[in-house]
Structure formats: C-alpha cells, structure tokens
Amino acid sequence: MAIPRPSRSRTRLAVLVLASVTLVTVGLRDAPVVRDVREAASTVVGPVEGAADGITAPFRNAWHGITDYEELRDENERLRQQLAGQEDSEAGEIRRSDAEEQLAQLSAALDLPYAADVPTVAARVVSGPRSNFSHAVEIDKGTDDGVAVGMPVVTAAGLVGRISQASGSRSTVQLLIDPDFRVGVRLADRPELGTARGRGRGEPLTADTAIDLDVEIPEGTGLVTSGVDRSAYPPGIPVGEVTGTREGSGGLALDLIIEPLADIENLSYVSVMRWQPAE
Amino acid sequence: MVLAERRRHTLLKSTLILLAALFLQVAIVSDLEAFGAVGDLLVLVTVAAALVDGADRGATFGFAAGLLYDLVLDTPFGLSALTYALVGYAVGLVAAAVGRSGGWWPVALAAAAGAAAMALYTGIGHLIGMPYPVGELPRIALVVAVWNAALIVPVRGLLRRAFGRREPDRVRLAAFVR
C-alpha cells in the first residue's frame, strides 16, 4: 500500500485559515488599512442598496405582512376601536388634537434638551443591520452634511450609538448594543463613574461601576454619559435606566444592568450630534 | 491553452456569482427579517460550491464569500472568511463521505451546514472577545438553515453550470474517499 501523500486540499485549507486568522488579528487592532478598504466597499455597496430599496419595497412589505401578521392584526383591531371611539365624539376636535400631539412629538425629536449647544444633523435610517451578527445601521447623511466618524447619534429618548464610518452621503452607525461598544456613564444622582458595554441584540447593556456592594440602587434610576475629560461623548446624554444590579467580577463593586432608553429595534429618524472629543 | 481559458472563465463566473450573492444579501435578504434573524446567501453559495466541487473549492469559495461579506460589515474583519472557509471544507468532506448527491441529502446537508456556520461564527466570536449572545443563536441558526434548505437546489444548479460540470463527479468523490 502506498504511503498517502498530503492532500492538496488540506494544504489549501491551512493556507486559507492562516490568511483569515491574520486578517482577524490585523482587523482587531483597528488597522487603518482595514478601515479604508471597508469604507471603499461601503461607497460601492451603499448606493446599490439604496437603489434596490425602492424596487424591493413591495416584496418587503408583503414579507412583513406575512411574518408580522399577528402584530398587524392587533394593530388593526386597535385602530378599529379607536375609529369607533372617534365616531361617538366630535371627530374634528380629536383630529385637531391629534395633529397637535404629533407636532409636539416632532418638536421634541428636533429639540434635544440635553444637546442645547451642540449642532445636530437629522438623518433617516435607510437600512438595518446587514447580517445576523452586525449591530450597525446606515443613515442617509455623510461627510457632505458635516457628519464625521466618532460623532454621537441620538434620538429624543437618548443615545443610539456612534458614527463608525462616514462617506459622502451615507454613514454607518454602530449601535450601543454592539458587543464592541463602550460608553462612560454616570448615575443621574451619584458621583461614581462606570463603563457601559453592549451585549448584542435583545440583551440589556451592562456597566461596571465603582459603587460599593451594599449601596441600594433603585430600579429605574437613569444613567447619562459621564463626559469626563477626553470622553468620546459629551456629558448628560441619557443612555438607559437601571433594571437590576449584580456583584461585579471582582466582587468589590456593583455591575448595573441597563435597558437602553432609545428604541434600538425600531429606529426611523435619528440625530447626529456634531460634537467631537477635545484632543 | 484551452485549459487555461476554461479556468479563467470559471474564475470570472465565480466572481460574478459571489458579487451577485453579496449585493442580493445586503439589498434584499438582510431586510427580510423573520423571528429576528435573516438568511445568509454567502454561506449558501459556499455550501453549494462544496457540494458541486468538493472540499477544495468549498474552502476557497467560503474564504472569498466571507471576505466579501466582511468588507461591508462592521463585525471583526476576517471572521466570516475564517468561518465560511472551514464550513466549505467540512461540507465538501461530508458530501464526499456520503457519496450521494440526489434526493434530500443536499437539502439536509445545506440546512445543517447553515446552522453549524452560525454556531461556529458565534464560537470564534467569543474566542476573540466578541461575546455574541448565545441565546439568540438557535433562532439565527434556524432561520439560516431554512433559507439554505429552500434555495440550495437552484443555487447548486447554477454553480454546476458555472463550473462546467453536468454531472456530479462521482469518480472523483470515490477516489477521494479511498
């Protein structure tokens, strides 16, 4: 019996695996070359994605009609009831107050109380995450509108994420639920600082703090960005509220479990704060 | 001479198929969310390539498909390339070991490979410090498996034509097993 010679196939696999491991290593160090290549790829793919949006909208709607059937039925039922209620009362009056309500909501969205002295750019979210493991969305404003990498992205409710990539007319927003996302936070009424990090879709954020274990943090306590010296975010942006606490990994301080305030799953309009950390 | 030309053609067609898969993925499939997850055409073409042409081509296709996908994502660069290359290779080996290409085999294999790819991705993610939530994995794996099962037969047909193979190469598979 002949001695089996090493198969060409296995050599090729070894080369490919080595190549990818090298790429992962280079990528993890946030090498500028990786960022440049990705930016170039995004400028090619972005417009195609945008153009396809209009064409595929009917299919997408049909798809959501099927997959979100339950939700749509509930909403339909709710609207029916609302309509029935309106017929009883003075419909015109209700419509007027509804319009006022909408106006108030829109004004609230445009007027961010915590960003009074920071200029903002309003943007539409044009596409959601591109893969099951991606935690980024695309918006329709880019460097032409003054958006730059690193700027905080918010809604009226609070922090959404930060600009991770920007081209001429589009940018990518890294959402705060990304496992790679970090933000310095502070409890609204306490001096201690902490770092909040994302843990993926459908999971709350966690923050490690310097708060003693015996301190009682009531549920619903608000957290804001700490904005300490050279922070990547301005101070006072609402991040989330505490839904629980647990012992930190060192056993000396508390970890907080935080529910983000902004509705990350259903973003349609966001504001980019044209703020950059002081050098 | 003829051989070199055919090889060039295969390369060109493969590139076109990969680019088409990428654009369809980001423009359409990524928006069709069901149970909080989406299908993955890049892993689908990887599995199809491995089914048509064995572990060697599967690994290469997986690497190229993953690398293209990585270019437009914000996830760790090279992670998809690594995962899909391994999956392509494994599918090629399993297909050769099974030695059958008809019936429900490719459908079942494609579904299992899709689910395995997502699990592998999450696993390697954890190793390199990206703790993707494990609780989400079953849903993601299921959705990717269903997409793969639904589309594997036509995509395999497409790749068979691109690689210029009318029949699955049983002789080669048999030689590989031996």
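Tutor: Helices here are DSSP runs of H or I with at least four residues, numbered from the N terminus, and axes are lines fitted to C-alpha atoms over the stretch in contact, with angles from 0 to 180 degrees between N-to-C directions. This is a predicted model, in which local features need pLDDT of at least 70 and side-chain atom pairs pLDDT 80 or more, while totals for chains, interfaces and linings use all residues. Residues are numbered from 1 along each chain as its sequence is written, and chains are lettered from A, and ligands numbered from 1, in the order in which they are written.

Student: At what angle do α1(B) and α2(B) pack?

Tutor: Helix α1 (residues 2–27) and helix α2 (residues 41–71) of chain B pack at about 50°, their axes 10 Å apart.

Student: Which residues of α1(B) and α2(B) meet?

Tutor: Counting contacts as C-beta atoms, placed from the backbone, within 7 Å, I17(B), L18(B), A21(B), L22(B), L24(B) and Q25(B) of α1(B) meet L41(B), L42(B), V45(B), A64(B), A65(B), L68(B) and Y69(B) of α2(B).

Student: Which residues have the most contacts inside the largest nonpolar core?

Tutor: A core joins buried Ala, Val, Leu, Ile, Met, Phe, Trp, Tyr and Cys residues through C-beta atoms within 7 Å, buried meaning 20 or more other C-beta atoms within 10 Å. The largest has 70 residues, and V45(B), V47(B), A48(B), A65(B) and A85(B) have the most contacts inside it. Elements giving two or more residues to this core are α1 (8–28) of chain A and α1, α2, α3 (79–98), α4 (105–127) and α5 (137–162) of chain B; the largest share, 21 residues, comes from α2(B).

Student: Which residues does V47(B) contact, leaving aside neighbours within four places in sequence?

Tutor: V47(B) then contacts V91(B), A110(B), A113(B), N148(B) and I152(B). Another core, of 37 residues, lies apart from the largest one and includes I139(A), V147(A), L175(A) and L261(A).

Conventions: Two residues are in contact if their C-beta atoms, placed from the backbone, lie within 7 Å. A residue is buried if 20 or more other C-beta atoms lie within 10 Å of its own, exposed if 12 or fewer, and partly exposed in between; C-beta atoms are placed from the backbone.
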